[in-house]
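Me: I would like to go through the charged pairs and the backbone of this structure with you. Could we settle the terms before the details?

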Amino acid sequence: RKLFVNNIVQTEMDMRTGNSLSGYVNLLDFNIDSVKSGNALVLGLGGGVTSNVLTRKGYKVTGVELDERIIEIAKNYFNLNKSVNAVCDDGRHFINQCSEKYNLILVDIFKAEEQPSHVLTLESLEKIKKILNPNGQLIINWHGYTEGERGLGTAILLNSLKTGGFNYKIAATSDKEDERNLVIFASLTEPLVKKFEMNSIIQETKLVNTDNRPVLEKYNALANQAWRKNYILYYYSGH
């Protein structure tokens with residue numbers, strides 16, 4: 001079963017097993033340890049498969065989703081765990097108003113192929129730091145581009161994390177830019193990646209994504225365009 005938003009797959013599940021068919025979700029599963037207790041925040045609920053993974057690992061999960069219809073789809077068609085607290089809100093608004101502390105925050109926000117950049121400004125990252133436990137982990141799901149003009153958005157995101165005081169490591173679902181997701185594991189201490197860590201050198205930039213100068217959307221446009229084209233070619237070729 002697939003959930004499409006503007007013809008881009010947001011969630012894909014094998015209904016016989018209840019498991020995700022996404023390499024990104026499987027990568028998350030490999031790299032996140034089970035806990036006896038802990039709070040997790042998922043920005044971008046989608047079909048709820050990442051929230052279900054975190055629930056199985058022992059987290060008490062809050063999932064934030066902008067579109068109330070998608071919350072209902074997650075509950076009725078993708079077996080969202082009943083323990084997940086699903087909140088209809090904009091991700092940035094939620095963290096601006098939040099007073100809860102989290103052990104893990106997953107940013108998995110996609111408007112079809114686009115990542116709303118207002119949730120990943122320097123100011124937003126500063127707010128995330130305040131609601132993240134000292135040894136907590138921020139995880140960002142991202143497209144796979146790192147090279148040339150298509151990789152500038154990734155370079156800006158990484159520099160914004162660095163400027164905000166985060167250390168990071170990157171895992172990748174494939175070696176091929178057009179076919180992969182990057183999963184960025186960031187923390188204020190030492191982030192941990194157990195499997196599929198990406199060690200290749202990524203281009204650098206001095207640009208930072210801020211509220212007053214939100215450059216991420218501009219410099220990520222070519223990557224978003226390529227991401228959309230490749231998704232459509234893949235899913236409409238019989239996969």
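Reply: Buried means under 20% relative accessible area, exposed means over 50%, and partly exposed is in between (1.4 Å probe, protein chains only). This is a predicted model, in which local features need pLDDT of at least 70 and side-chain atom pairs count only at pLDDT 80 or more, while totals for chains, interfaces and linings use all residues. Residues are numbered from 1 along each chain as its sequence is written, and side-chain values use heavy atoms, with hydrogens and water left out.

Me: How many salt bridges are found in the whole structure?
Reply: The search finds ten. A salt bridge here is a side-chain nitrogen of Lys or Arg within 4 Å of a carboxyl oxygen of Asp or Glu.

Me: Which residue does K2 pair with?
Reply: K2 forms a salt bridge with E12, at 3.8 Å from N to O. K2 belongs to strand β1 (residues 2-5) and E12 to strand β2 (residues 8-14), ten residues apart. Strands (E, at least two residues) and helices (H or I, at least four) are DSSP runs, numbered from the N terminus.

Me: Is E12 buried or exposed?
Reply: E12 counts as buried because its relative accessibility is 14%. K2, at 34%, counts as partly exposed.

Me: What about D14; what is its partner?
Reply: D14 pairs with R16, and their closest N and O atoms are 3.2 Å apart. D14 is buried, with a relative accessible area of 16%, whereas R16 is exposed at 76%.

Me: And where does D178 lie, and R150?
Reply: These two form a salt bridge as well, with 3.3 Å between the closest N and O atoms of D178 and R150. D178 is in the loop between β9 (167-172) and β10 (181-187), and R150 is in the loop between β8 (132-143) and α6 (152-163), so the bridge ties together parts 28 residues apart in sequence. Through shared partners, salt bridges join R150, E177 and D178 into one network.

Me: Changing topic to the backbone: which phi does N79 have?
Reply: N79 has a positive phi of about 55°, although it is not a glycine. Most residues other than glycine have a negative phi. N79 sits in the loop between α3 (68-77) and β6 (85-88).

Me: What is the phi of F196?
Reply: F196, also not a glycine, has a positive phi of about 70°. F196 lies in the loop between β10 and α7 (215-219), and is partly exposed because its relative accessible area is 45%.
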